[in-house]
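Hi,

Here is the structure I promised to pass on.

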Amino acid sequence: MCITYCESRETRTVNRRGFLGGAGAVAAALGIGVMTAGRSTAQPFSLPGSTGSSIQDPVAGNKLSVVLLGTQAGPPIVPERTGIATAVVVDGDVYVVDCGRGSATQYVHAGLRFDRLKAIFLTHLHADHVADYYNFFLHGGHVPNRFGDHIGQAVDVYGPGSAGGLPPAFDGREVPTVGTNPTPGTVEMTERLHDAYAYSTNIFMRDTGIRDIRTVVNPTDIVVTEVGANYLATAPGMEPFTVMEDDRVRVSAVLVPHGVCYPSFAYRFDTEYGSVTLSGDTTYSDNILTLAQGTDLLVHEAINLEGSDLPPVVRSHMLDGHVEVQKVGEIAERASARRLVLSHIGDIAHGVVDPHAWQSWAQRGYSGPVTIGEDLQKISIA
């Protein structure tokens, strides 16, 4: 099996590598040094709303940690949670998975620096996962903020390529089709965003001397081949493939079933300090079990339908793309995950997540520790 990356208008093929076996092998293999742009030194700065006193980077001293920037499931705007986004921090360098509503602001609230942002990974192109994607560059790549921080070099972005087609509408409804290309992938989406914000960028380049935004984002389409996947067969059984490697981390992925959304990915980050696996949006899938096997931290989505009065057809439709919180513990146990964290969570029955009930539900069938994620929560692995 191989994965084809479509970078802008050029295409290259990269063969899949096997998983690395052990910390020593990880360090040796990652030494090939792909995309090893120069590092910047973390600086103390003041959080928004503070009185100006300096604080250290909140993940300083941790070799591997995760920051839940936002934990909300779905597009509806709610006051208690922001959109889904997660930061994996390795030796102070930051890798963001998904860019939900408010995540660029949450990034600063969490004490993370834009000049340490190395890459962004998009699990799929639903609006609740990409709503703030361009803001990282439109605003984070603008002039430095009051902490002297902004994106100072091109950030690599990896996300789904084009779906290639649209499925029929749910319940056979007739719906319009939006866009000259109704299924753009990550590269084309980024190009269209450049066009949409062209006036702002052109004016600011002339008025305040900002850089051309196109120079701070380097998008790549992930297109999986040779497993028979398409927009009607979204997640056939497969082995994990390597998306990117640098001198700190190797990122692997698999396709996961998320209703009719395609492509939809789960990602695993392997480092010499441990591993983090993020499910993305998914229903039950052996691909997740393969990807997450033995992971130190499994960040998994979940919904609650218990107590809801959804019609059976709607309930079934919801479960085509999500996992019930009462069953997610069994997945973590089968994957031998050492710790389970729930993010991208939504309670369909009650509206607001009750952490005590959710803790009890998620623990079912799982022998390890469970955390019900909250916005801006920081989790240390090493």
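Predicted model: local features only at pLDDT ≥ 70, side-chain atom pairs only at ≥ 80, totals over all residues.

How many helices and how many strands are there in the chain? The chain has ten helices and 16 strands.

Some overall numbers to start with. The chain has 382 residues, and 50% of them count as buried. Its accessible surface comes to about 16100 Å², with 52% of that belonging to carbon and sulfur atoms. I also looked at contacts between residues at least 6 apart in sequence: 66% of these join residues at least 24 apart.

Searching the whole structure for cavities of 30 Å³ or more turns up one. The volume of this largest cavity is about 120 Å³. Two strands, β13 (297–304) and β14 (340–347), each supply at least two residues of the lining. β13 gives the most, with three residues. What sort of residues make up this lining, by class? Four are nonpolar, eight are polar and three are charged.

Then there's the second largest pocket, which holds about 260 Å³ of space. Here 16 residues do the lining, and closest to the centre are Glu191, His194, Asp195, Asp212 and Arg214.

Last, the cysteines. A quick reminder: a disulfide is a covalent bond between the sulfur atoms of two cysteines. How many disulfides does the model have? The count comes to zero. Are cysteine 99 and cysteine 261 buried or exposed? Cysteine 99 has a relative accessibility of 0%, so it counts as buried. Cysteine 261 has a relative accessible area of 13%, and because buried means under 20%, this residue is buried as well.

That's what I have so far. Happy browsing!

Cheers

Conventions:
Residues numbered from 1 in each chain as written. Heavy atoms only, no water. 1 Å grid on protein atoms, 1.4 Å probe; cavity = no way out; pocket = protein on both sides within 12 Å on 5 of 7 lines; lining within 4 Å. Points joined across faces, edges and corners; volume = space filled by probe spheres on them. Helix = DSSP H or I, 4+ residues; strand = E, 2+ residues; numbered from the N terminus. Nonpolar A, V, L, I, M, F, W, Y, C, P; charged D, E, K, R; others polar. Disulfide = S-S within 2.5 Å. Buried < 20%, exposed > 50% of the residue type's maximum accessible area, 1.4 Å probe, protein only. Contact = heavy atoms within 4.5 Å. Areas by Shrake-Rupley, 256 points an atom, 1.4 Å probe, with all protein chains shown as cover.
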